[in-house]
Structures are given as C-alpha cells and as structure tokens.
Amino acid sequence: SRTDNLGALEFDGSNDRIDLGAVFSLQGSVNFIMECFVKINSAGSDNAGIIESFSSSTNRWIWYYDDGSLNQFGFHDGSWNGILNSGINPTIGKWTHLLISRSGNTFKSYVNGNNVQTVTVSKSFPSSNNVRIGSNSNAGEYLNGNIAIAKVYNRALTATEIQQNYN
C-alpha cells in the first residue's frame with residue numbers, strides 16, 4: 001500500500017475540479033484504459049466523479065466513486081447505462097490503484113492490480129467533450145480525496161504492465 005502523496009491533486013469535496021477541455025474522446029466503441037491512484041478522505045460521497053466527460057446531462061460518461069463502492073463507470077446517451085461497479089469499499093485515507101478498460105465490447109475493472117469485474121456491453125458511447133477530474137457535473141457532486149498519476153491509454157495494457165503500474 002502506498003504511503004507517499006504521489007504528487008497528488010487534492011479535492012475537498014465541495015467545489016474543486018480540474019477542467020482539461022476536450023483532450024480525448026471515447027465516442028463510439030473506442031478501446032481505452034484509464035487508471036489512477038485514489039485516496040478517499042471521508043465516507044459519504046455519493047456519485048463523486050473521478051474523471052468525467054460532460055457536454056450535457058444526457059451526453060456524458062463518468063468514472064466515479066459512490067459511497068461504499070470504488071471503480072464505477074457508466075455513460076448517458078439519453079438513458080443511464082451503468083457498466084462497471086466493483087462493489088469494493090475503499091479504506092478511508094489509503095491509496096487505491098483503480099483501472100478500467102474497454103477492448104471491443106469487453107469492459108474490465110481492476111482494483112490494486114486485480115481484475116474484479118468483467119462485463120460485455122455492446123453499446124457505443126455518445127459524443128462528449130469537456131474532460132474534468134474530481135467532479136460529477138450532472139449531480140453536483142465533488143470528490144473528497146486525492147487523485148494521482150491519472151493516465152489514459154488508447155491501447156490495451158498487458159497484465160504485467162498493469163501490475164507494474166500498480167507497484
């Protein structure tokens with residue numbers, strides 16, 4: 001388990017977020033991996049965004065933490081499509097490595113280097129643009145915690161690479 005601060009971004013749970021603009025898109029059925037280290041500072045967050053892409057309440061995707069479950073992911077294309085829910089409770093104040101991936105129609109969730117969920121979903125993502133870290137713009141929810149070493153890949157990582165990034 002990590003004990004250093006990893007050069008982390010700190011979010012106080014009230015109104016902090018980082019706007020990155022239109023830096024990447026998951027529109028259609030693009031293969032991707034997103035990963036980061038997260039440290040939740042207090043329980044009670046409901047749908048707090050880790051990373052989201054938001055253009056409207058019906059045209060968005062979000063990777064988020066909901067009280068009691070890390071590593072959730074879904075998108076809205078006129079109706080909500082919840083895809084991943086690890087069901088894993090965070091340890092408050094401890095770093096956790098999170099990774100989600102899409103390869104074709106297969107989505108995977110990893111927590112601390114371990115694959116905890118694999119699902120098949122054949123829907124395409126809506127177009128969206130503004131990428132934000134630390135918020136869920138639609139719900140007005142903000143992360144109370146830290147995010148470090150956030151990365152997005154447009155390719156699959158091997159199991160060895162995932163373990164190396166976790167370690």
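This is a predicted model: local features need pLDDT of at least 70, side-chain atom pairs count only at pLDDT 80 or more; totals for chains, interfaces and linings use all residues.
Is glutamine 117 buried or exposed in this structure? Glutamine 117 is buried, because its relative accessible area is 18%, and a residue is called buried under 20% relative accessible area, exposed over 50%, and partly exposed in between, as judged with a 1.4 Å probe on protein chains only. Residues are numbered from 1 along each chain as its sequence is written, and side-chain values use heavy atoms, with hydrogens and water left out.

We can begin with the chain as a whole. Its secondary structure comes to one helix and 14 strands, where helices (H or I, at least four residues) and strands (E, at least two) are DSSP runs numbered from the N terminus. Along its principal axes, the C-alpha trace of the protein chain spans about 40 × 35 × 25 Å. The radius of gyration of the protein chain is 15 Å, which agrees with the value near 15 Å that a compact globule of 167 residues would have; this radius is taken over C-alpha atoms, and the globule rule is 2.2 Å times the number of residues to the power 0.38. Of the 167 residues, 45% are buried. Among the contacts (heavy atoms within 4.5 Å) with a separation of 6 or more, 65% are between residues 24 or more positions apart.

The chain has 11 positive and 13 negative charges, whose mean positions are 8 Å apart. In this count Lys and Arg are positive and Asp and Glu are negative, while His and the chain ends are not counted, and the place of a charge is NZ of Lys, CZ of Arg, CG of Asp or CD of Glu.

Next come the strands and their partners, where two strands are said to pair if DSSP finds at least two bridges between them. Strand β11 (residues 130-133) runs antiparallel to strand β2 (residues 18-21), to which three bridges join it, and within this pair glycine 21 has valine 131 as its bridge partner. Strand β11 also pairs with strand β4 (residues 48-56), in the antiparallel sense and over four bridges, and here arginine 132 of β11 stands opposite glutamate 52.

Most residues other than glycine have a negative phi. Isoleucine 149 counts as partly exposed because its relative accessibility is 38%. Asparagine 112, in the loop between β9 (106-111) and β10 (114-120), has a positive phi of about 50 degrees too, and this asparagine is partly exposed, with a relative accessible area of 26%.

Finally, we can compare some individual positions. Glutamine 117, with which we began, lies in strand β10, and apart from residues up to four places away in sequence, its contacts include Ile83, Phe107 and Lys108. Threonine 96 lies in strand β8 (residues 95-103) and counts as buried because its relative accessibility is 8%; beyond its neighbours within four places in sequence, threonine 96 is in contact with residues including Cys36, Leu70 and Asn112. Asparagine 81, placed in strand β7 (residues 80-85), is buried with a relative accessible area of 13%. By contrast, glutamine 164, found in helix α1 (residues 159-166), is exposed because its relative accessible area is 55%, and its C-alpha atom is separated by 34 Å from that of serine 55, which is 109 residues away along the chain.
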